[in-house]
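This report is an introduction for a reader who has not seen this structure before.

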Amino acid sequence: MDKIHSLTGMLDHYDDGDIENISVKIFETEKRIKKVFTNYKYSEIRTPALEDTNLFVRSAGDASDIVNKEIYSFNDRNEKNIALRPEGTASAIRAIIEKKLDQTNHKLWYLGPMWRYERPQKGRYRQFYQAGVEILGYEEGAPEYEIISMVCSIIEEFKLKNCSIKINHLGDKESKKLFCDALVEYLEPFKDSLDEKDLTRLTKNPLRVLDSKNKETQSILKKAPSIREFIKPSALSLLENIQNEYKDICNIEIDYTLVRGLDYYSGFVFEAISSELGAQDSFLGGGRYDHLSLKLGGKNLPSIGMAIGVERFASLIKDIATSNKVVSFITLTSNLESKPYKIAHQLRSLNSNIILDLQLSEGSLKSKLRKANKNNSEYAIIIGEEELRDRTAVIKFLNDELKDQETVSIKELFSFYTSL
Ligand code: HAM
C-alpha cells in the first residue's frame, strides 16, 4: 500500500536522545523558555487552535500577508468560516475579553503551534511553534523595560551569540499619521517603479512599504523621510534609555525603519535577529498594540507582547546540556527477571533530580553502553545475572578518565545514587 506522508512545511519532531538533533533542541528550548516565563511570574493561557476567521482579519489587518495569502481558513460542516490561528496575540485578547477580564492587568504566556500557508524554506514552515508573552493593561513605560529584560534573559539563558535586538517606535496616532502622510507624499512620484505588492501597501498601510523586500523599493526608500523626525521626544528617550540600560547585557540597535508584519502595532516595536539564521533571520518579534482590545469589542486595554519562533530559536542553540545528571540503568538479565526494575524504582524515589534512563531493549552490553554515551549519561548502573545473585551492582563511570567501574552492594548503590 502507498505510504501517507506529512503535509508540506509541517514537520514531525521526535526526541531520539541525540543532543545534536533539532527536535531535541526544540523540546529543550520549550522547557527552558517556560522556566523563564514562570520565573518572571507570568501565567499560562491556552486558547484553541481554531478560531472564527474574522478574529484574524480584524486584528492582523486585511493588508497583512498573514490574512491576504497565508491564513488556513475553511468552512466547517456548518458553513462557518474558521481559521487555524496564524499567531497567538489575537486569541489571547479574545479570550480575556470573553472572560470579562479586560478591565484588569495580566501577565500571560503561551506556547503552541501556529499555521501560515507560506512557501516553506529553511526556518519557514507552515506549522511552527511560538512561545509568547502578553502584558495587558499597562501604559507605555515599565512593560517595555520588562519585556526587553525578558528577551535578554532568554538570550542569556541559552548563551546565544551573534544576535541583536532591533527596536523602534511607531509613534502615537498623531505622529504615525503625519509620518504616513509624508511617506506617501515622498513615494507618489515613484509609483511607477513600485511593484503591485508595494502599491497595495502604499494605499492600505504605507508603513508596511518600509518592510519591502524589493531591491528597487529599498533603494527608493534610502532618501525617504525617517520616523525619527515625527515621533515625540518621550518616544525617542524611551528608545535611547532601553538601549543604554541593557547595553552591557544585550546588543540593542535602534532601527528607525523597523516595522512589523501585523497591523495592530502602535508605539514601541522590536525584533531579535541572528546572523546565523540566513534569510529568515528574525527569531522573535513583538511590540505594543494599545488599540487591539477595542478593535475586538473589549475595553481600553493598553498592551505589549512578543513571540519567539521556537524552531528558529532552537536552531541557534549550541549547548543544551541539562543541569540534571543522566544515569543509564542497564540490565543484562532475562527480561522476565523483575528484581532490577524494583531497584530502579527505589533509585528514582531516592533522588528525583536524576534522569534515570532504564534501557528496555535487549542487547549486548556494548550496544547499551553506546546508547548511554549518546544520551549523555554520566554513569551506567549495570545489573547482570552475577550481580543479581550477589545482591550487587556495577557502577560504570562514563565521564571519568581515572575511574572505570566499581562493584558495590545494593545498599552502597542507594547511598551513591542519593548523593548524586
Ligand atoms: P511574528 O513576527 O509574526 O509576530 O512572529 C513571531 C516569530 O514567529 C517570528 O519572529 C519568527 O521567529 C516566527 N515565525 C513566524 N512565521 C514563521 C514561519 N512560517 N515558520 C517559522 N517561524 C515563524 C507575531 O506572531 C506576534 N503575535 C508577536 C506578538 C505577540 N506581538 C505582540 N505580542
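The model is predicted. In helix α1, the residues K25, I26, T29, I33 and F37 are buried. They lie on the same side of α1, because the arc they cover around the axis is only 105°. As background, an α-helix has 3.6 residues a turn, so residues three or four places apart point the same way. On the face of α1 turned away from the buried side are the exposed residues K31, K35, T38 and N39.

What covers the buried side? The elements over the buried residues of α1 include the strands β5 (106-115), β6 and β11, and the helices α5 (142-157) and α11. The length of α1 can be checked as well: its 18 residues, 22-39, should span 26 Å at 1.5 Å a residue, and the end C-alpha atoms are 25 Å apart, which agrees. After α1 comes K41, which has a positive phi, near 65°.

## Around the ligand

Which residues come nearest to the ligand? They are E87, F128, G285, G305 and G309, out of 25 residues around the ligand. Two or more residues of this shell come from each of β6 (127-136), β10 (282-288), β11 (303-309) and α11 (310-316). The largest contribution is that of β10, which gives six residues.

By type, the shell around the ligand holds 11 polar residues, seven nonpolar and seven charged.

In soluble globular proteins, nonpolar side chains tend to be buried together. The largest nonpolar core here has 72 residues, and V151, I165 and I308 touch the most other members. Helix α5 provides the largest share of this core, with six residues. Apart from this core lies another, of 14 residues, which includes A372, A380, I382 and A393.

I165 is in contact with I148, V151, C250, N251, I252, F270 and A272, when neighbours within four places in sequence are left aside.

## I147 in helix α5

I147 is part of helix α5. Is I147 buried or exposed? It counts as buried, because 23 C-beta neighbours lie inside 10 Å, and the cut-off for a buried residue is 20 or more.

Residues up to four places away in sequence aside, I147 touches I135, G286, I304 and M306. I147 and G305 are 158 residues apart in sequence, but their C-alpha atoms are 7.5 Å apart in space. G305 is also one of the residues that come nearest to the ligand.

## Positive phi in two loops

Most residues other than glycine have a negative phi. K159 has a positive value, near 50°, and is placed in the loop between α5 and β7 (163-169). K159 is exposed, because it has 9 other C-beta atoms within 10 Å.

N376 likewise has a positive phi, near 70°. The loop that holds N376 runs between α13 (365-374) and β14 (379-383). With 19 other C-beta atoms within 10 Å, N376 is partly exposed.

The protein has 15 helices and 16 strands. Its C-alpha trace spans about 90 × 55 × 45 Å along the principal axes. Of its 420 residues, 33% count as buried. Among contacts between residues at least 6 apart in sequence, 68% join residues at least 24 apart.

Two pairs of residues show separations within the model. K215 lies in helix α8 (residues 215-221) and counts as exposed, with 8 C-beta neighbours inside 10 Å. The C-alpha atoms of K215 and K342 are separated by 67 Å, and the two residues are 127 apart along the chain. K339 belongs to helix α12 (residues 339-350) and counts as partly exposed, with 14 C-beta neighbours inside 10 Å. Between the C-alpha atoms of K339 and N300, 39 residues apart along the chain, the separation is 64 Å.

Notes
Residues numbered from 1 in each chain as written. Predicted model: local features only at pLDDT ≥ 70, side-chain atom pairs only at ≥ 80, totals over all residues. Near = placed C-beta within 6 Å. Helix = DSSP H or I, 4+ residues; strand = E, 2+ residues; numbered from the N terminus. Nonpolar A, V, L, I, M, F, W, Y, C, P; charged D, E, K, R; others polar. Expected span 1.5 Å × (residues − 1). Buried ≥ 20, exposed ≤ 12 C-beta atoms within 10 Å, placed from the backbone. Arc of directions from axis to C-beta. Contact = placed C-beta atoms within 7 Å. Core = buried A, V, L, I, M, F, W, Y, C linked by C-beta atoms within 7 Å.
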